Amino acid sequence: MAPQAQPHEEAFQAVTAAFASLGRVCLALDAEYRMRHVSPLLDELLGPGAADRYRGRPITELLGCELFGVEGPFRAALAASERREGWRAWLPDGEGGRRPTSVTAAPLRHLGGACDREARYLIVLRPADPEIGEPVGPARSTGFVARSPAMERVRRLVESLDHSDVSVLVGGESGVGKGVVAQEIHARSHRRERPFVAVNCAALPDALLESELFGHVRGAFTGALRDRTGRFELADGGTLFLDEIGDLPLHVQAKLLRVIQERAFERVGDSRTITVNVRIIAATHRDLRREVEARRFREDLLYRLRVFPLDIPPLRERREDVAPLARHLLARSAARTGRELRLSPEALRLLEAYRWPGNVRELENALEYAATVATGHTLQPEDLPSEVTGPAAEAPRVSPDAPEEDEARVASRRRDPPSRERLLAALQENRWHIGDTSRALSISRSTLWRWMRERRVARSS
């Protein structure tokens, strides 16, 4: 007769069965981080006998030391009674390979003695989504992601350059992704096996720009202790991307014009002529025609650079691109940090509603911030920066003779949160439904999320 299971074993079997129906593997660890209970579903992932083989062994033997080592992030979090969700780890598959998996860990709460009191922590594993960490979009190598008609037009123009070697001038506000478009053009061209060299003309002082582009010889100027190869030589056979070309000083513009026309130049301090075969892609956020009128940019150089103009619209004019871009950037962040991250529908709506004055670069920074502060694998509105969830508006002037109004409605107009008690009461009255509560208070959803964060109101309050 098989030995009768202990009550705590029966309780764990019920828990593992429930998780197994969702395709999850459930583990329970003791205070020494040994696997006291292991779901039989582990056998399906790692082969027959895996559950018995790992039972009683340290969790590091199954998931490695990166998460559960002495200095690992999960040990510190669990010791502080915190939960961690959706982190990436790899299971040994028994054949020398590794299987990606998503790991969630939390302190195990004991209910009436039903669970094993030696079990301290609950671990839940599920197979990781294969697309996490993979760039999304047609051009995986460069990250060119678009859905809007405006960017589809840009894509078609880029595709028309596949068999051309003309100079391209990419225009658009700062942060729209001009560098990504330049890389896409290079990646599709016959030069793709040769170097792609980028220079930010606004990031270097005028005195160094000429040397940076064309190189110098030893003794050409004070501090020139050895010969230096310039960016044009480094890009020979490939593409030179000149970002912020509008900041190039006039004396360097003249030398650049000669290189484009004759494919020849001299290093600073040298009389020897060097010839190169380089394709020029330039980018700027300035209106170069106005710069020409102001005599800050050479008209003949503009015509040489602007053989094929390509303007990138700002992100606020192509909101259809926000969602695919956000998912792509989040996947890239997850690949770097080893986490699985997703956006909740409410967080995505806030991202799509924001105007993004800093364009794609600001979106990327906002997602990096959210990924840093989020404890779960789904980013919520409260994880986003405050400027995204609802910037404060100026307080309207209220006449002293105006009739008294409910505190929450007055606060909604001046964008200051009401007291914590009033806010909590409004949420409870509307059964914590964000849409209903925001309508009851005459505010936007993003403002309600901000109020909840500022007043430290959560569902468990």
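View 1. What you're looking at is a predicted model, where local features need pLDDT of at least 70, side-chain atom pairs count only at pLDDT 80 or more, and totals for chains, interfaces and linings use all residues. Residues are numbered from 1 along each chain as its sequence is written, and side-chain values use heavy atoms, with hydrogens and water left out. The chain has 21 helices and 14 strands, taken as DSSP runs (H or I, at least four residues, for helices; E, at least two, for strands) and numbered from the N terminus. Of its 461 residues, 47% are buried, which means under 20% relative accessible area with a 1.4 Å probe, protein chains only (exposed is over 50%, partly exposed in between).

View 2. Five strands line up in the order 2-1-5-4-3, with antiparallel pairing; two strands count as paired if DSSP finds at least two bridges between them. Strand 2 (35-38) and strand 3 (84-92) sit at the edges with a single partner strand each, so one side of each has no neighbour in the sheet. On average, neighbouring strands of this sheet are turned by 30° against each other, direction ignored; the axes are lines fitted to C-alpha atoms.

**View 3. Strands 1 and 5, side by side.** Six bridges join strand 1 (residues 25-30) to strand 5 (residues 119-127) in the antiparallel sense. Look for Leu27, which stands opposite Ile123 in strand 5.

**View 4. The largest nonpolar core, and a second one.** A nonpolar core is a set of buried Ala, Val, Leu, Ile, Met, Phe, Trp, Tyr and Cys residues joined through side-chain atoms within 4.5 Å. The largest has 39 residues, and Leu343, Leu351, Trp356 and Met452 have the most contacts inside it. Helices that each supply at least two of its residues include helix 14 (322-337), helix 15 (345-353) and helix 21 (445-454). Leaving aside neighbours within four places in sequence, Leu343 touches residues including Ala326, Leu330, Leu367 and Leu379, all by contact. A second, separate core has 30 residues, among them Val197, Val259, Ile274 and Phe297.

View 5. A search of the whole structure turns up zero disulfides, a disulfide being a pair of cysteine sulfur atoms within 2.5 Å.

Methods:
Axes fitted to C-alpha atoms, helices over the stretch in contact; angles between N-to-C directions. Contact = heavy atoms within 4.5 Å.
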